[in-house]
Amino acid sequence: MKTEDCFRVGSILKTKGLKGEMQIYVDFDNLDAIKFDALFIDMAGKMIPYFVQSIKYLQKSNAYLFLEDVDTIEKAALLVRKDIYLPNKLKPKKKKEEFTLADVEGFIAIDETHGELGEILEVQEYPQQLIATVKYQNKDVLFPLNVEIIKGIDIEAGEIYIDLPEGLLDVYLSE
């Protein structure tokens with residue numbers, strides 16, 4: 001399993017007790033609605049699978065976790081400050097009304113003038129706006145995601161239609 005085949009749901013904060021129980025920070029909304037019996041922990045860039053013995057949700061962002069074969073405080077301590085992932089196939093689909101511009105990561109950007117630019121590799125949030133990054137002609141091209149530039153979004157096809165300001169691509173390609 002690779003990192004890109006998974007989505008992050010939280011991280012292990014600390015051990016609890018002597019029998020391997022761990023407190024986790026959950027930063028994925030409604031994790032308790034997802035049914036899973038195994039998860040992955042990122043250990044030095046490798047996704048290591050663990051079977052879940054039990055998970056108890058406390059508040060919105062905290063839970064206690066027992067994993068099979070992690071039955072001592074020493075074994076649990078090795079997992080502290082590690083990120084927890086679930087396979088992408090378990091990720092709930094968003095309803096159209098829950099879709100936000102941050103969700104266009106992975107969409108294909110199609111410009112009215114230049115045609116297909118490529119896949120949106122990243123969407124970064126800045127204080128004033130969201131910025132999308134695509135790899136176009138082996139250069140990282142950044143453009144804002146706003147009403148002036150976005151002409152349409154096809155959620156089903158995974159495409160976003162844009163009209164880049166004149167000269168924006170030239171700035172990146174002339175380097």
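# A tour from the cavity outward

Select Val9, Ile24, Leu31, Phe36, Leu39, Ile55, Ile84 and Leu86: these residues line the largest cavity. A cavity is a set of points, on a 1 Å grid over the protein atoms alone, where a 1.4 Å probe fits but cannot get out, and a lining residue has an atom within 4 Å of a point. The volume of the largest cavity is about 30 Å³. A volume is the space filled by probe spheres set on the grid points, which are joined across faces, edges and corners. Across the whole structure, the search finds one cavity of 30 Å³ or more. What kinds of residue make up the lining? Eight are nonpolar, none is polar and none is charged. Here Ala, Val, Leu, Ile, Met, Phe, Trp, Tyr, Cys and Pro count as nonpolar, Asp, Glu, Lys and Arg as charged, and the others, Gly among them, as polar.

**How to read the model**

This is a predicted model, in which local features need pLDDT of at least 70 and side-chain atom pairs count only at pLDDT 80 or more, while totals for chains, interfaces and linings use all residues. Residues are numbered from 1 along each chain as its sequence is written, and side-chain values use heavy atoms, with hydrogens and water left out.

Now colour by pLDDT, the predictor's confidence in each residue on a scale from 0 to 100. The protein chain averages 88, and 96% of the residues score at least 70. In the protein chain, helix α1 (residues 73–77) has the highest confidence, 95, and helix α2 (residues 168–173) the lowest, a mean of 87. Helices (H or I, at least four residues) and strands (E, at least two) are DSSP runs, numbered from the N terminus. Where pLDDT is low, the predicted coordinates should not be read in detail.

**Phe7 and Phe28**

Next, select Phe7 and Phe28. The whole structure holds one aromatic pair. The ring centres of Phe7 and Phe28 are 4.9 Å apart and the planes meet at 50°, so the pair is tilted. Rings of Phe, Tyr and Trp (its six-membered ring) pair if their centres lie within 6.5 Å; planes under 30 degrees apart count as stacked, over 60 as edge-to-face and the rest as tilted. Phe7 belongs to strand β1 and Phe28 to the loop between β2 and β3 (38–43), so the pair ties together parts 21 residues apart in sequence. Are these two residues buried or exposed? Both Phe7 and Phe28 are buried, where buried means under 20% relative accessible area, exposed over 50%, and partly exposed in between (1.4 Å probe, protein chains only).

**Gly20**

Move to Gly20, in the loop between β1 (6–16) and β2 (21–26). Gly20 has a relative accessible area of 0%, so it is buried. Leaving aside neighbours within four places in sequence, Gly20 is in contact (heavy atoms within 4.5 Å) with Leu65, Phe66, Val70, Asp71, Thr72, Ile73 and Ala76. Lys75 is 55 residues from Gly20 along the chain, yet their C-alpha atoms are separated by 6.7 Å.

Select Ala44, in the loop between β3 and β4 (46–57). Ala44 is not a glycine, but has a positive phi of about 55°. With a relative accessible area of 82%, Ala44 is exposed.

Then select Arg81, in the loop between α1 and β6 (83–87). Arg81 is not a glycine, and its phi is positive, at about 70°. Arg81 also counts as exposed, at 72% relative accessibility.

**Thr133 and Glu119**

Thr133 is in strand β9 (residues 130–136), and Glu119 is in strand β8 (residues 115–125). Thr133 is buried at a relative accessible area of 7%, whereas Glu119 is partly exposed at 41%. Beyond four places in sequence, the contacts of Thr133 include Glu119, Ile120 and Asp140.

Select Leu164, in the loop between β12 (159–162) and α2. Leu164 is buried, at 7% relative accessibility. Which residues does Leu164 contact, leaving aside neighbours within four places in sequence? They are Asp111, Leu117, Phe143, Ile149 and Leu169. Leu164 and Phe143 are 21 residues apart in sequence and 7.6 Å apart in space, C-alpha to C-alpha.

End at Gly152, in strand β11 (residues 150–154). Not counting residues up to four places away in sequence, Gly152 touches Glu159, Ile160 and Tyr161. Between the C-alpha atoms of Gly152 and Ala38, 114 residues apart along the chain, the separation is 39 Å.

Methods:
On a 1 Å grid over the protein atoms alone, a cavity is a set of points where a 1.4 Å probe fits but cannot get out, and a pocket is an open set with protein on both sides within 12 Å along at least five of seven lines; lining residues have an atom within 4 Å of a point.
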